[in-house]
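I opened the file to look up how its parts touch. My notes follow.

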Amino acid sequence: MSCDLMTPVERFAAYGRSEAVDRLPCVPIVGNTAARVVGAKVSGFRGNGKLIADAQVAAYRRFGYDVIRIFTDLYTQAEAMGATVHYPDDETAYLAEPAIDSADQIGSLEPANPYKDGNLPHHLEAMSRAVEAVGKEVAVTGALTGPFTTASFLIGTETLVRLMLKNPAAVHQLCELALQGALAYAKAILDRGCTPSLTDAMCSTTVISPKQFKEFGQPYLKRLVDFIHGYGRGVTLHICGKTRSIWEQMADTGADCLSIDNAADLLEAKVKVGTRVRLMGNVSPSEIMLQGTPLQVRDAVRQCVWKAHDNPKGYIVASGCSLPVETPFQNIDAMLESVREIGWPVHAEKLEAAWTV
Amino acid sequence: MSENENELFKALSDAVVGMEEDLARQLALEAVERKIDAYTAIERGLVDGMGRAGELFESEEYFIPELLLCSDAMYAGLDILRPHLKIEDASQRRFKVVIGVVEGDTHDIGKNLVKIMLEASGFDVIDLGRDIPPQQFVETAVSENADVIALSTLMTTTMDAMAEVVERLQKTNIRERFKVIVGGGPISPAFADRIHADGYANSAPNAVKLVKQLAGVPA
């Protein structure tokens, strides 16, 4: 399928040194869509590290993208600390009940043990298996949910955001617990030769203010990033929804790459933080990747590349968020094909002509 | 003590904007004691305050946490003032919206904000909650004789359930009786068109504008 001249590992290494590459790195963020590649049900991933690894490796081989990310949903760490997750037969899991419902119960929670609690051991197994299968040619990352977001799943989002204003100390206590769980999981991921890939969905300014992010989100993310850097690994940070007013703060966490949702503009991101961080994104996962045609995917990719290819710290063509389960294969193929067609180096004038006609 | 009614209304409004639940309750009690018209106190005090909070939300000075606490203050005042509404004010037929998060999703903050802002704008809202099967939207809309069905989701997996609500209405030949509006992270105007919904809004304040438009009331 793929006619690439470099492996993802070679491509990232060369790209990072500003050397010639065969094409831009490209990461359609494939999560549970991997189930479709191996004909499995999404619920089959629960408690089955081997199936997650098989599906993710098969999806990587099928599409030829540049990062494997072991991910099923954002709730794994919260579940390991007591939240109840509902697993539909063949769709992405969702939060059924938080672990606790008031601040005075925070003391009853403990940080998750990644080797024992919930589905964390199975996800770790999936990472080991994927590394063993294809780790020499492609980076395998483990999805790690940020402390603030995990805190929201532990106590319920509305309760958490009310507490931010009414009882900030309780929110810090909960974020600290979530951070301890995240650090332990990050260490386990790193010990497997993988890199944690950070997502902190609830830190979006669609939900909280930049000031609240600064107090309750950013400091915990920074400690996670520092920890991962201690292992000599780069970190990608993803926050969904609106993020424009917190890009600087996101860069201040020390993250090496910001993954940006389609609710934000890459051109603006490049101007604001492009000298500090690599950018990744932001083809719309729903409107374009799920519901669009391959031609629309191609146009969207070309627009993104036009905007961000000359980002000083580099650019990865990607979807703005994890792809919906039923994303058509032909649209994922179209993303990769468009990136191959654009090639390297990028000629911006040609791109502009292509998508404005 | 406020010098006159206008000052009390202003104080009620400020208590909502200032997220001061206890103060809103106290001022509402004061309005009751002073036999100030409950409807006017609600409209010019609490609802006015929630409207201002909505404007602050639109201009990104307030975010979801602030808006929720403002609504807590509004509802605290409403709980006290509502029992004192005159019968004609209380029993007035109002435009009715059935709202919920579609089956397969439990993200309900967005839905809750829309509900709060709709209630603050004088609409009757029946909140079904989250993870609601398509049939339940239809049945409730029929039994409650609602005007609008408002569907919310943050997950792409559940978008089809929105289309199913419209299809069920069509199949039973009652599509024309209701306006169907949709919103949430993955939803776009194009998607709303494709499933033959009557409208789409990208934020709680815009959802209110949309419902006002559908209800034919001035924005």
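The model is predicted: local features need pLDDT of at least 70, side-chain atom pairs count only at pLDDT 80 or more, and totals for chains, interfaces and linings use all residues. Residues are numbered from 1 along each chain as its sequence is written, while chains are lettered from A and ligands numbered from 1 in the order in which they are written.

**Entry 1: chain A against chain B**

I looked up the contact between the chains. On chain A, 23 residues meet 17 residues of chain B. I then asked which elements of chain A give two or more residues to this side. They are β4 (94-97), α7 (157-166) and α12 (285-290). Helices (H or I, at least four residues) and strands (E, at least two) are DSSP runs, numbered from the N terminus. α7(A) gives the most, with six residues. By class, I found 12 nonpolar, seven polar and four charged residues on this side of chain A. Here Ala, Val, Leu, Ile, Met, Phe, Trp, Tyr, Cys and Pro count as nonpolar, Asp, Glu, Lys and Arg as charged, and the others, Gly among them, as polar.

**Entry 2: inside chain B**

Next I checked the domains of chain B. Domain 1 covers 5-90 and domain 2 covers 96-215; the bounds come from an automatic or database domain assignment. Their C-alpha centres lie 26 Å apart. The contact takes 10 residues from domain 1 and six residues from domain 2. On the domain 1 side, α3 (38-58) and α4 (64-81) of chain B each give two or more residues. α3(B) has the largest share, six residues. I noted six nonpolar, three polar and one charged on that side of domain 1.

Conventions. Contact = placed C-beta atoms within 7 Å.
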